Amino acid sequence: MTTTAQDDKPLGPDDFDAQDAVLDQLREQDELTPDWEFCEGFLAALVCCRREIAPEEYWPVLLGERFAPMAQMEFVWRWRRRWQEVAAALDADVDTLEDERSYQPEVLDVRGAMLALPEGERAEADIAQLPSFAEAWAHGFLHAVHSWPEDWAAPRDREAADMLHDALDAIGELARPDTGQPVLNMHTEGGPPSVSDQRFDAFGEALWAVYDLRQLWKSLGPRVATVRKAPEPGRNDPCPCGSGRKYKKCHGA
């Protein structure tokens, strides 16, 4: 994949809004089209996957059979830029998530955003029924994992397998609703509490889990297919070399 100077620029709020605008359009044709946060999680899993999944393989899984990449080149271009950003962040040697080089997924505190609105402008929906902070991101990540189970199968090494399971469990924790006592707002500083301390901690653990998965699969490399040796023919069977003679009179002598 070739890059330009513009490709190196990180995506900004306008870029993410543009991605969601395309997804909104696609949702008019297919109501199951996910939002960008879900796509962000899905993309992160693809970056971490043991095998490089080809675009023609992952687009139908993420956006359905109707999605035409050639008709949505701006979307695809921004997707590739984000891919490069995420890969660079996960390969950076960081000791803290406060490091500006660290991976920071594009996630939204939907509950916090709703609570921050004037009471008369809030939607009728029960705020508790809205997705929790980073919940859609986690579902997107796990959707990619479940879509290619062979590429996410546990390795034989026990330590590596435990590392894989622990990392996926940490991400799976975010796929569950936040039922803790809200203490902070991730949408607006000082806004009405919408996220619990437990959720905030789980989010950090999930991000470190993504780092672990990236390093795990990079260290192990692509899965090598096992080549099974063909059974040896019987002594009176025709020799597999095609000579027409019995195996015991030819290569089995």
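Reply: The model is predicted, and the answer rests on a distance in it. The sulfur of Cys 49 lies 8.8 Å from that of Cys 48, the closest cysteine sulfur, and this is too far for a bond, because a disulfide needs two cysteine sulfur atoms within 2.5 Å. The count of disulfides is 0 by this rule. Cys 48 is likewise in no disulfide, its nearest cysteine sulfur being that of Cys 49. Cys 48 counts as buried, since its relative accessibility is 1%. Cys 49 is buried as well, with a relative accessible area of 9%.

Another buried residue is Leu 130, at 18% relative accessibility; the cut-off for buried is under 20%. Leu 130 sits in the loop between α5 (110–116) and α6 (135–147). Leaving aside residues up to four places away in sequence, Leu 130 touches Val 110, Arg 111 and Met 114. From Leu 130 to Asp 109 the C-alpha distance is 9.6 Å, although 21 residues separate them in sequence.

Next comes a pair of helices. Helix α1 (residues 13–29) packs against helix α4 (residues 73–91) at an angle of about 135°, and their axes are 10 Å apart. The two helices are therefore oblique to each other. The crossing of α1 with α4 is left-handed. Residues of α1 that meet α4 include Phe 16, Val 22 and Leu 23, while Phe 75, Trp 79 and Arg 82 are among those that α4 brings to the contact. The residues of this contact of α1 with α4 divide into 6 nonpolar, 1 polar and 5 charged.

Definitions and conventions
Residues numbered from 1 in each chain as written. Predicted model: local features only at pLDDT ≥ 70, side-chain atom pairs only at ≥ 80, totals over all residues. Heavy atoms only, no water. Buried < 20%, exposed > 50% of the residue type's maximum accessible area, 1.4 Å probe, protein only. Helix = DSSP H or I, 4+ residues; strand = E, 2+ residues; numbered from the N terminus. Contact = heavy atoms within 4.5 Å. Axes fitted to C-alpha atoms, helices over the stretch in contact; angles between N-to-C directions. Parallel < 35°, antiparallel > 145°, perpendicular 65-115°, else oblique. Left-handed = near helix turned anticlockwise from the far one by under 90°. Nonpolar A, V, L, I, M, F, W, Y, C, P; charged D, E, K, R; others polar.
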